[in-house]
Amino acid sequence: MTNTSTRTTAGKTERQIRRELNDRLRRLEYGAAQHDPLKNPSEATFGQRAKRAVILIMLTALVPGGAQSVIGNHRLGRIGLSVTLINWTLIALTVLGVLVARGFTMSLAFNQYVQSIGIFYLAAIAAGWLILWLDTARIIKFVKLKPSARPILGFLLVALMILTSGGAAYGAYLLNASTSSLGAIFGSGPAVDESDGRYNILIMGADAGEGRTGLRPDSISVASINADTGKIVLFSIPRNFQNARFASDSPLWNVYPDGYSCGDSCIVNSLYMDVTNNHSSLYPTSDDPGAEAMMDAASGILNLDVSGYVMVDMDGFSELIDAMGGVEVTTGGWTPYRGQRPDGEWGNAWWKPDTYTLDGDDALGFARSRNWSTDYSRIQRQQCVQQAMLSQFDVPTLVTRFEGILGAGEQMVETSIPQSQVGSFLNLGIKSQRQDMERLTIGAPDFGDQGEQFSTYPDFDEVHQRVDEMLTEDGTPPSGAHLMQPTIGMYFAQAGSDDPTAGWDPVPTQPDGSEITEEYLMWAEDTGQENLLSDAAETNHQCHPG
């Protein structure tokens, strides 16, 4: 008996009919493909072939794996598209993290394990993208292109291959260099603690030769950083400061219970070598006992909990400025430096009041100039250069000069800040660029005309009081019960002015009222007119970044 439900009038089963329909469909698809210029360039015009090549090149550049998914090795295309999706997801998460949790995102980015994974991932991306480009070149079939179009499209493919695959490879190289440099600069020790909502970091600048023999910090400052806003208050301690105090919990308390008070030989910048040579056993777990001692001294002087330090080699400081492309400062006084005089001889030349873009050597010379100047003028110029570096150390500078900055940083910095906190401090640094830096020198002019006298016999109650005032103005609770009304405005009245030079003292003139010139200063030096030279340099503490 015949089963009518499974046979047609022609005697064919439903299965046979479906098979025939599928065969016809495949033949139709094959015929369409034969006439599709994207899949079969042989049947296309030269113009269509060139258009096809551009489409495949742009797919590989923008959607890696897209060209192979359309035509060619579909399995390779699926892998490429999967990785592309992962990449765009990572990019989206990174952007979202920067927008809503920048501190955490930057900390994660500077984590050494995350960076190690990133190096291998970028290297794999570079290799995979290169494979896709080579396969794209194969399926383009350059031999079928019009001869005049081949070099143009070949150049486009190679250029985008270098930009994409080569860019990923270069990113892996830079990340590897960054990881190595950060490991050389930053250790893996304990985190620097905040105190009352602030990070208090000692910054020392020194001529640090091989082995740091005889090192004496040339500049001593404490950067008190608001842990929430990133705002910096910079306290500068003159290198000739005497009678530095130590807290009772400091290892130096038993050695110097009355402070570092042995006269002129006990100025604060000599403490580094004193502890390094004679009392290093007091800091048995420290890699740099001298730096720990300087932190204790700064803590006692300012009545702050200084919990971290950065030691800057001044030669490396010069290299870093060169790597940044220089720093721009405006000076309101005549500043001497070693250079070519107007008569062509080598000796004391002068920067006149003006705006300069200084290279590393000039920035160092400007910051450290001491002839006919006081230590306090010198401190203010050092602060100015430091602030100029901070304000001009932006993302474009970092990206375009990354390798040079890394190399200079590796040579110039010793610090107790661990690598695990680099991201957090970099995030605070970005925040601080949007705000003015407040500054106070523990001496003249911020402590009146007492200057040298104050540095020799400091009034610590007054110092602590003014430090508290400044930090309270910034929103940080005072460290002691005593507190005067905030007077920060009288120290930094010009901070909120549109013209930062508006409150500057007039530039000195010659005794007859005419303007000072380089020739006049050369004559004054050659004739021994020291008082005229000191008068000319008396406003060179006036300096502003940019």
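Predicted model: local features only at pLDDT ≥ 70, side-chain atom pairs only at ≥ 80, totals over all residues.
Phe110 sits in the loop that links H5 and H6, where helices (H or I, at least four residues) and strands (E, at least two) are DSSP runs numbered from the N terminus. With a relative accessible area of 18%, Phe110 is buried; buried means under 20% relative accessible area, exposed over 50%, and partly exposed in between, using a 1.4 Å probe and protein chains only. Leaving aside residues up to four places away in sequence, Phe110 touches Gln115, Leu182, Gln419, Val422, Gly423 and Leu426, a contact being heavy atoms within 4.5 Å.

Residues are numbered from 1 along each chain as its sequence is written, and side-chain values use heavy atoms, with hydrogens and water left out.

The protein has 20 helices and eleven strands. Of its 546 residues, 45% count as buried. Among contacts with a separation of 6 or more, 68% join residues 24 or more positions apart.

The helix pairs come next. Two packed helices are described by the angle between their axes and the distance between the axes. Here the axes are lines fitted to C-alpha atoms over the stretch in contact, and angles run from 0 to 180 degrees between N-to-C directions. Helix H5 (residues 102–109) and helix H15 (residues 422–432) have axes that come within 7 Å and cross at roughly 135°. The two helices are therefore oblique to each other; angles under 35 degrees count as roughly parallel, over 145 as roughly antiparallel, 65 to 115 as roughly perpendicular, and the rest as oblique. The crossing of H5 and H15 is right-handed, a label given if the near helix is turned clockwise from the far one by less than a right angle, with anticlockwise giving left-handed. On the H5 side, Arg102, Gly103, Met106 and Ser107 take part, and they meet Gly423, Ser424, Leu426, Asn427, Ile430 and Lys431 in H15. By class, the residues of this contact divide into three nonpolar, five polar and two charged, where Ala, Val, Leu, Ile, Met, Phe, Trp, Tyr, Cys and Pro count as nonpolar, Asp, Glu, Lys and Arg as charged, and the others, Gly among them, as polar.

Lys431 is buried, at 19% relative accessible area. Not counting residues up to four places away in sequence, Lys431 touches Arg102, Asp228, Thr229 and Gly230. Gly230 is 201 residues from Lys431 along the chain, yet their C-alpha atoms are separated by 5.2 Å.

A second pair is formed by helix H2 (residues 46–62) and helix H6 (residues 112–140), which pack at an angle of about 170° with their axes 10 Å apart. That angle makes H2 roughly antiparallel to H6. H2 contributes Arg52, Ala53, Leu56, Ile57, Thr60 and Ala61, and H6 contributes Trp129, Leu132, Trp133, Thr136, Ile139 and Ile140. The contact has nine nonpolar, two polar and one charged residues.

H8 and helix H9 (residues 289–302) pack at about 130°, their axes 8 Å apart, and H8 is thus oblique to H9. Their crossing is right-handed. Leu271, Tyr272, Val275 and Thr276 of H8 face Pro289, Gly290, Ala291, Ala293, Met294 and Ala297 of H9 in this contact, which divides into eight nonpolar, two polar and no charged residues.

The structure also holds one disulfide, defined as a pair of cysteine sulfur atoms within 2.5 Å. Cys384 and Cys543 form this link, with their sulfur atoms 2.0 Å apart. Cys384 lies in helix H12 (residues 375–392) and Cys543 in strand S11 (residues 543–545), so the pair ties together parts that are 159 residues apart in sequence. The link is left-handed, with -65° about the S-S bond, and both cysteines are buried.

Trp372, in the loop between helix H11 (360–368) and H12, has a positive phi near 60° although it is a residue other than glycine. Trp372 is buried, with a relative accessible area of 17%. Asn243, likewise not a glycine, has a positive phi of about 60° and is found in the loop between strand S3 (232–237) and helix H8 (271–278). At 22% relative accessibility, Asn243 counts as partly exposed.
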